[in-house]
Amino acid sequence: MNLREMRSQFSIFIFFPTPDENTEMKGALIEAGYESFLFADQVTMISRVKEAAPHVILFSPDALQDSLSEFVTQVLEINSEVQFVCVAPAEQSDTLNEYREYNFAAMVPP
């Protein structure tokens with residue numbers, strides 16, 4: 001099967017601190033062929049994870065209302081298979097590396 005065809009089967013939740021970042025990421029992912037949904041607040045996103053967990057959560061730590069560990073724990077308690085892709089400055093890589101065992105698939109610089 002073609003990878004491009006498979007992309008539409010993957011659900012990605014997008015969570016960034018500003019509407020512009022959310023919209024920009026969603027547009028890029030839709031253009032690439034992924035099913036993506038954006039969220040303006042953490043409570044709504046966690047609620048949606050309970051309803052229909054995504055394959056991946058693409059987020060910025062700046063958007064979180066709780067600590068990173070609380071956020072990760074909330075998501076993984078709902079669905080332990082959700083993967084995380086964090087968009088953060090390289091300076092945070094050591095801290096974020098500690099989360100690799102908690103489904104952190106990648107860290108991407110802004």
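**Terms and their grounds**

Guide: In this predicted model, strand S3 (residues 56–59) directs Val-56 and Leu-58 one way and Ile-57 and Phe-59 the other way, and all are buried.

Visitor: What makes S1 and S3 a pair of strands?
Guide: Pairing requires at least two bridges. Strand S1 (residues 11–15) is joined to S3 by four bridges, and therefore the two count as paired; they run parallel. Ile-12 stands opposite Val-56 in S3, and Phe-15 stands opposite Phe-59 in S3.

Visitor: How do you know that S3 and S4 pair?
Guide: The criterion is again at least two bridges. S3 and strand S4 (residues 83–87) have four bridges in the parallel sense, so they meet it. Phe-59 stands opposite Cys-86 in S4.

Visitor: Which strands are the edge strands of the sheet?
Guide: The open sheet has five strands in the order S2-S1-S3-S4-S5, with parallel pairing. Strand S2 (35–38) and strand S5 (104–108) are the edge strands, as each pairs on one side only. From one strand to the next, the twist averages 20 degrees.

Visitor: Why is the β-α-β unit called right-handed?
Guide: The unit consists of S3, helix H4 (residues 68–78) and S4. The term applies because, with the strands pointing away from the viewer, the path from the first strand over the helix to the second runs clockwise.

Visitor: Why does Val-82 count as buried?
Guide: Buried means under 20% relative accessible area. Val-82 has 0% relative accessibility, and therefore counts as buried. Val-82 lies in the loop between H4 and S4. Its C-alpha atom is separated by 17 Å from that of Met-6, 76 residues apart along the chain.

Visitor: What lines the largest pocket?
Guide: About 160 Å³ of space lies in the largest pocket. Of its 13 lining residues, Phe-16, Glu-21, Ser-60, Val-87 and Pro-110 are the closest to its centre. Helix H2 (residues 19–32) gives the largest share of the lining, three residues.

Visitor: How many residues of the lining are nonpolar, polar and charged?
Guide: By class, eight are nonpolar, two polar and three charged.

Technical notes. Residues are numbered from 1 along each chain as its sequence is written. This is a predicted model: local features need pLDDT of at least 70, side-chain atom pairs count only at pLDDT 80 or more; totals for chains, interfaces and linings use all residues. Side-chain values use heavy atoms; hydrogens and water are left out. On a 1 Å grid over the protein atoms alone, a cavity is a set of points where a 1.4 Å probe fits but cannot get out, and a pocket is an open set with protein on both sides within 12 Å along at least five of seven lines; lining residues have an atom within 4 Å of a point. Grid points are joined across faces, edges and corners, and a volume is the space filled by probe spheres set on the points. Ala, Val, Leu, Ile, Met, Phe, Trp, Tyr, Cys and Pro count as nonpolar, Asp, Glu, Lys and Arg as charged, and the others, Gly among them, as polar. Buried means under 20% relative accessible area, exposed over 50%, partly exposed in between (1.4 Å probe, protein chains only). Axes are lines fitted to C-alpha atoms, for helices over the stretch in contact, and angles run from 0 to 180 degrees between N-to-C directions.
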